[in-house]
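Have your viewer ready and keep the selection tool at hand.

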Amino acid sequence: MRQRDKYDEGNLEFEEDEDGEEEEGDLEEDEELEEEEETVFRSDTVEQAFFREIKHCKSCFNPGSRFSNYNADPFRLQGTLNYYFDEDTSSNTRVYYYHHRRDRYQNFEGADPSQAEGNFAPLLLGDDVIIPEGVMLGRLRTYQHVGGEQRFELANRELLAGLSQDLQLGARFEHHTFANRNFFGRQGEILEDGDKNGLTVFDSEHEADAVSAYAQTVIHATPAIDIVPGIRFEHISSKVRQLSSSEEEGEGERELEECEIDGEDFFNEGECVVFEINPNDQNFSYDKTYWLPGISFSWGLFGKQVVPVSADKSLQELETVYHTTMYGGYNRGVTIPVQREGPFPPKDELGDNFQLGVRSTGVKGVTLDVAGFFKSIENYQIRGSSTTTSGLNVYTNIDQVEISGVEMYGRLDSRPFTGWNLNPYAEATFTYSNGEITDGVLPGGESIVGNRIPFAPREVAYLTTGIESTAGWNASVSFVYRGEFYTDEENTPFAGDPSGEDGLVPSVWLLNARANYTIPTDVFGSEMVVFVSGENLTDELYITDREDGIKPGLGRSLMAGARVKW
């Protein structure tokens, strides 16, 4: 696969007022800057500027964003072997390789590199990086992993007391590497795919080995009840080499109208940004092992005896079919967090997860599924709304969170009532997820207990109506609802942050549609599906994130294509 587009992260934000007294000689210059800002935005808040003035037009406030570009070359290779020793014993072997080069280039601090007045290169002065106005930032990342897994299933094995079980075993090994380098080009240089020369401000090399194994068994306690105990083993060995790293944006960063440092002039006294980096070569490593238990069950209800479809009705015994099933379980889970700049070893997310639900097809033409869940997670990782000065997301941890909620699915099919070759249908899904912080404080010591988890909408819903045909085509229209959410653990209200980086992201309804047609195999000799789809068909303007400012959601988008399987 090959991807090239103009994606960038130059989002809308206002400059925050800085505390401190101004020197008298700076007043005239500051008044001129304020007049410039007033000519750019007429709105009082960044949210008003987004909805009333800017909308999707990033170049209206950030002309240099037109040079930002994204370049991805993912390559995936996989081989699978299924082998059946007998009807109850099977083996699945899989080996795979993945390589993904993902390089992006963007203008820095909203400046337009094509309007740069010089050709200066960024400088390293001690531990300080000095960046002239009108440069671009290159972010070079290459992911690679290779792995293999082996699974076995031994069905219908005797357990004890006449009970039978289906034993499932598996193991997997993966080797991962990740190279991550950020650099600045020269003043006025338009960075494009393949450019690698410049001043490096972040450089890290990651290597990790992961060994996983699991064992579980489906115990058929009764014809209606299955109990599934199991355990999972995880071992991670990770090494990180950091050749250079930078601080979080705003920490130690200075913007100078005239680039004079310690009495020395740089870049002909033009504008510049100064921030601190750690240029020292550092090495970190750790090994971690986890044993993660789990247990689940399913209980068939309201059974009905029927003759198997493929059976000889005069000889075959009746079998019991359950149109309603209660299910649930518990499992212990772990998530290894994003690793960019320590601390090492990182704090892993550890969670206890509970679920209880029921699904049913007991009513003609109706499918229902309702499940409640509860999760308690320690060291919950969140992505901050800001980035480092070198363009990396900042990740932090919340001591403890709890998430409780319910998921519901329902579908009504008309064909069971009509017998037609067409099946008009309607379906809906709804998720309510109440995520709250139960233990945590801000860096200043203020408690955030009771606040909502950042980036976690409470409500998500899909309402779909469509039509299916036995001739191989189908079409549907969907209304999608995404509830409001906060982007920071403080739960800053809407328009509560002058810069726009933190605050509430309002809810939104979107209209999507899709249609596809499966071409008969006798036409092309293989299975082929052609499709067309559209998202946000009403071109709704909405906020999707506040990372480094307000980010607009995807506008009206149309897609068409084909899938071929041979």
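## Stops along the chain

Start by selecting Asn379, which is buried at 16% relative accessibility. You will find Asn379 in strand E17 (residues 366–387). Check its backbone too: phi is near 60 degrees, a positive value in a residue other than glycine. Keep in mind that you are looking at a predicted model.

Stay with strand E17 and select Asp369 together with Arg359. Their side chains form a salt bridge, 3.6 Å from N to O. Arg359 sits in strand E16 (residues 349–360) and Asp369 in strand E17, so the pair ties together parts 10 residues apart in sequence. Arg359 is partly exposed, with a relative accessible area of 38%.

Next, pick Arg411 and Glu427, another salt bridge, where the closest N and O atoms are 3.2 Å apart. This pair links Arg411 in strand E18 (residues 393–413) with Glu427 in strand E19 (residues 422–439), 16 residues apart. Arg411 is buried at 16%, while Glu427 is partly exposed at 22%.

Now go to Arg66 and Asp112, whose side chains meet in a salt bridge at 3.1 Å, N to O. Arg66 is in the loop between helix H3 (58–61) and strand E2 (69–86), and Asp112 in the loop between strand E3 (89–107) and strand E4 (123–125), so the bridge ties together parts 46 residues apart in sequence.

For a group view, select Arg2, Arg4, Asp73, Arg101, Asp103 and Asp193, which are linked in a network of salt bridges. The model's salt bridges come to 19.

Finish at Asp262, in the loop between strands E11 (260–261) and E12 (264–265). Asp262 is exposed, at 80% relative accessible area, and its phi is positive, near 55 degrees.

Definitions and conventions:
Residues numbered from 1 in each chain as written. Predicted model: local features only at pLDDT ≥ 70, side-chain atom pairs only at ≥ 80, totals over all residues. Heavy atoms only, no water. Helix = DSSP H or I, 4+ residues; strand = E, 2+ residues; numbered from the N terminus. Buried < 20%, exposed > 50% of the residue type's maximum accessible area, 1.4 Å probe, protein only. Salt bridge = Lys/Arg side-chain N within 4 Å of Asp/Glu carboxyl O.
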